[in-house]
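Here is a short report on one protein chain. Look at the model first, then read on.

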Amino acid sequence: MSAAAAEGPLLQVKGLQVRYFTERGTIEASRGVTLHLDRGETLGLVGESGSGKSVTSQAILGLIREPGRIVAGDIVWKGRSLLAADGAAYARRVRGKEIALVFQDPMTSLNPVFTIGLQITEVLRHHLKLGRRAASDRAAELLDLVGISAPRQRLAQYPHELSGGMRQRALIAMALSCEPELLVADEPTTALDVTIQAQILELLGSLQQRLGLSILLITHDLGVVAALCHRVAVIYAGRIVETGRAADLFARPAHPYTMGLLRSTPRIDVVRPRLVAIDGTPPDLSHPPAGCAFHTRCPIATDACMAEAPSLVPQAGGRTVACWRAFTPAWPGEAANRRARG
Ligand SMILES: Nc1ncnc2c1ncn2[C@@H]1O[C@H](COP(=O)(O)OP(=O)(O)OP(=O)(O)O)[C@@H](O)[C@H]1O
Ligand SMILES: [Mg+2]
């Protein structure tokens, strides 16, 4: 690998388009997703249900299945395409080893009929070619790393014998078994109660620091993002509408959708009389609206917004925004921000 490629972003998703060709018609699940992740960085991908978060993570990991297909765009890992015709061997080497996935639901992603130990050692023996004894030692180390006490005993247990939080830790241990550089965590805490959720987030944060991991954290919970992420990418109807440094984006959202999301998020530092959900519903992706997909719900949309989709435009401070109205003289962002801050 050239020095330039080594210094570039770890992962780039460029104009990714994914479609599902179903009997009911074509669903444009991803309509040009562009984002990047640097080494050692945690990027939050946030958006409402059905906005294309999981489809993006599945595309990165090569898990889009029929009737779905990647129809355009590229996914580039360390400067080299994972989708190129001659890149199949490279993609196989990278996925599952350098890039690992933590699933949403630990109960369905762990096999109920095998012990935790067998499931972790299986991965270690397959990918790292460790012998039985070495794999078992390493599995215990991994459970210890993710904060599971008495790891040797735990290895002999079945998934149902562990609590929900323990199962999620075990899954994270499995994802870490091949020493990945990027962890893709799709809603890693949704199935857990609030206290356990906080512990798992803390664990991810500490692993990120101790191991120098990059994390792509997928969630619809902005509170989770605020706790853990360096940068945020906001996705709406299969497109990224805004990206920026987390603290900056929270303090000064530029896209009307981001403003709406922030207003509908409970915050512990601000007492609000009630939560305001964004008016309207996300568009039907079998018939996405023309122009900016958010125009049907946007309080400041004009005719221009219905005619043509805005592209993601770089702004000062590493921010990118796809909105015709952002930062125009008539832009009501500051007033809206003041209201959002209460
Ligand atoms: N296998 C599939 N067949 C048909 N459509 C699909 C399939 N998988 C995803 N889609 C569609 O792609 C779009 C994006 O789905 P995706 O699962 O990425 O949403 P999400 O942002 O992860 O939502 P959630 O927060 O609910 O997990 C949705 O409209 C969904 O219906
Ligand atoms: Mg999802």
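The largest nonpolar core of this predicted model holds 58 residues. Such a core is a set of buried Ala, Val, Leu, Ile, Met, Phe, Trp, Tyr and Cys residues joined through side-chain atoms within 4.5 Å. Buried means under 20% relative accessible area with a 1.4 Å probe, protein chains only. Among the residues with the most contacts inside this core are Ile120, Leu183 and Tyr257. Helix α8 (residues 164-176) gives the most to this core, with 8 residues. Helices here are DSSP runs of H or I, at least four residues, and strands are runs of E, at least two. A second, separate core has 32 residues, including Val33 and Leu82.

Now the strands. Two strands pair if DSSP finds at least two bridges between them.

β4 and β5 form a hairpin with 2 residues between them. In the turn, lysine 78 has a positive phi of about 50°.

Residues are numbered from 1 along each chain as its sequence is written, and chains are lettered from A and ligands numbered from 1 in the order in which they are written. In this predicted model, local features need pLDDT of at least 70, side-chain atom pairs count only at pLDDT 80 or more, and totals for chains, interfaces and linings use all residues, while side-chain values use heavy atoms, with hydrogens and water left out.

Note on methods: Buried < 20%, exposed > 50% of the residue type's maximum accessible area, 1.4 Å probe, protein only.
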